[in-house]
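Could you read them alongside the structure?

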Amino acid sequence: MSRVSTGIPGLDDLTAGGFISGDIVLVTGGPGSGKTTLGLQYLYRGAMDYGEPGILVTLEESPARVIRNAWQFGWDIERLIKENKMRVIHADPIAYAHYIPDRGDGDDMHLDTGSKIVETLSKHIERYVGEIEARRIFIDSITSLKISQEQIRARFTIMELIKNLENLDCTTVLSSEINSGTLSYESFSVEEYLSEVVIRMHTFRVSGNRIRAIEVLKMRGGKHDDMLRPYAIIDTGLVVYQRETVIDGEVISAVTMM
Ligand SMILES: Nc1ncnc2c1ncn2[C@@H]1O[C@H](COP(=O)(O)OP(=O)(O)OP(=O)(O)O)[C@@H](O)[C@H]1O
Ligand SMILES: [Mg+2]
């Protein structure tokens with residue numbers, strides 16, 4: 001199995017050398033935990049350091065905003081786009097929903113909307129993958145695709161998207177939102193079951209200090225680190241401190257990995 005370097009210092013050590021090529025990797029975390037930074041860094045370093053072009057799909061933030069925010073880490077996304085090393089798709093669910101006429105037959109149009117977005121988006125991604133021979137995809141975030149009030153329909157939408165992504169020869173990172181603030185969670189989502197790898201980013205406060213910690217919750221077909229590791233967002237992006245761990249809210253140094 002060939003490995004894909006994430007480009008995030010320390011993260012490859014938690015996954016025994018990076019993601020497995022072709023995998024779907026889910027990154028979950030609360031607001032401001034660093035999901036977008038992680039995914040962008042994965043694409044940027046992929047294109048710059050590993051010769052792997054990437055597709056960024058942004059469902060919430062406008063591309064202009066993402067590009068601007070990337071600048072603070074020194075990442076020139078516009079240059080990558082010009083050099084055909086990156087493509088950006090703005091799949092704004094609200095805009096999409098307005099384009100889909102209500103058929104007026106009393107059917108729940110939410111199913112149509114969710115499925116329609118996934119169908120259109122999948123074709124769009126596939127076209128761009130062909131155009132620039134992309135090897136990496138980052139979709140930020142799939143939570144926005146859960147449009148239907150009905151859980152079963154929202155799940156179906158995510159299942160459809162993941163199925164389509166599996167047919168592409170790319171290693172894909174999906175971000176999704178979870179409630180932040182604690183280390184506990186009540187239920188697992190469909191994307192957590194369907195992804196090969198699940199990474200969780202936690203932010204919490206202990207004695208007035210903000211602690212950021214990341215963990216690999218699962219990795220099918222691969223050995224992975226099992227501990228909570230501190231991470232930081234600095235001027236160059238995200239950094240994982242793979243030799244330290246977080247126990248009871250305290251950062252402990254020099255803990256052997258795996
Ligand atoms: N240059 C920087 N130096 C230090 N921390 C930074 C820097 N830039 C951003 N951050 C931190 O990163 C956080 C935002 O990260 P990011 O946008 O990747 O999170 P996110 O999980 O995608 O958030 P959301 O759920 O709102 O989309 C900010 O709240 C801030 O704490
Ligand atoms: Mg984000």
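1. A word on classes before anything else: Ala, Val, Leu, Ile, Met, Phe, Trp, Tyr, Cys and Pro count as nonpolar, Asp, Glu, Lys and Arg as charged, and the others, Gly among them, as polar. By that scheme, the lining of the second largest pocket splits into one nonpolar, six polar and five charged residues. Keep in mind that this is a predicted model.

2. The second largest pocket holds about 180 Å³ of space. Its lining runs through Gly32, Ser33, Gly34, Lys35, Thr36 and Thr37, then picks up Glu60, Glu61, Asp140, Ser141, Glu177 and Ile233. Helix H2 (residues 35–49) supplies the largest share of that lining, with three residues.

3. Now for ligand 1. Around it sit Gly30, Pro31, Gly32, Ser33, Gly34, Lys35, Thr36, Thr37, Gln72, Phe73, Arg212 and Ile233. H2 is again the one to look at, giving the most to this shell with three residues. By class, the shell has three nonpolar, seven polar and two charged residues.

4. On the nitrogen side, a side-chain N or O atom of Gln72 lies 3.1 Å from a nitrogen atom of ligand 1, and a backbone N or O atom of Ile233 is 3.4 Å from a nitrogen atom of the ligand. As for cover, ligand 1 taken alone exposes 650 Å², and the protein buries 63% of that.

Conventions
Residues are numbered from 1 along each chain as its sequence is written. Chains are lettered from A and ligands numbered from 1 in the order in which they are written. This is a predicted model: local features need pLDDT of at least 70, side-chain atom pairs count only at pLDDT 80 or more; totals for chains, interfaces and linings use all residues. Side-chain values use heavy atoms; hydrogens and water are left out. On a 1 Å grid over the protein atoms alone, a cavity is a set of points where a 1.4 Å probe fits but cannot get out, and a pocket is an open set with protein on both sides within 12 Å along at least five of seven lines; lining residues have an atom within 4 Å of a point. Grid points are joined across faces, edges and corners, and a volume is the space filled by probe spheres set on the points. Helices (H or I, at least four residues) and strands (E, at least two) are DSSP runs, numbered from the N terminus. A residue is near a molecule or strand if one of its heavy atoms lies within 4 Å of it. A polar contact is a pair of N or O atoms within 3.5 Å; within protein, one must be able to donate a hydrogen and the other to accept it, and residues adjacent in sequence count only if both atoms are side-chain atoms. Accessible areas come from the Shrake-Rupley method with a 1.4 Å probe; for residues, only the protein chains shown count as cover.
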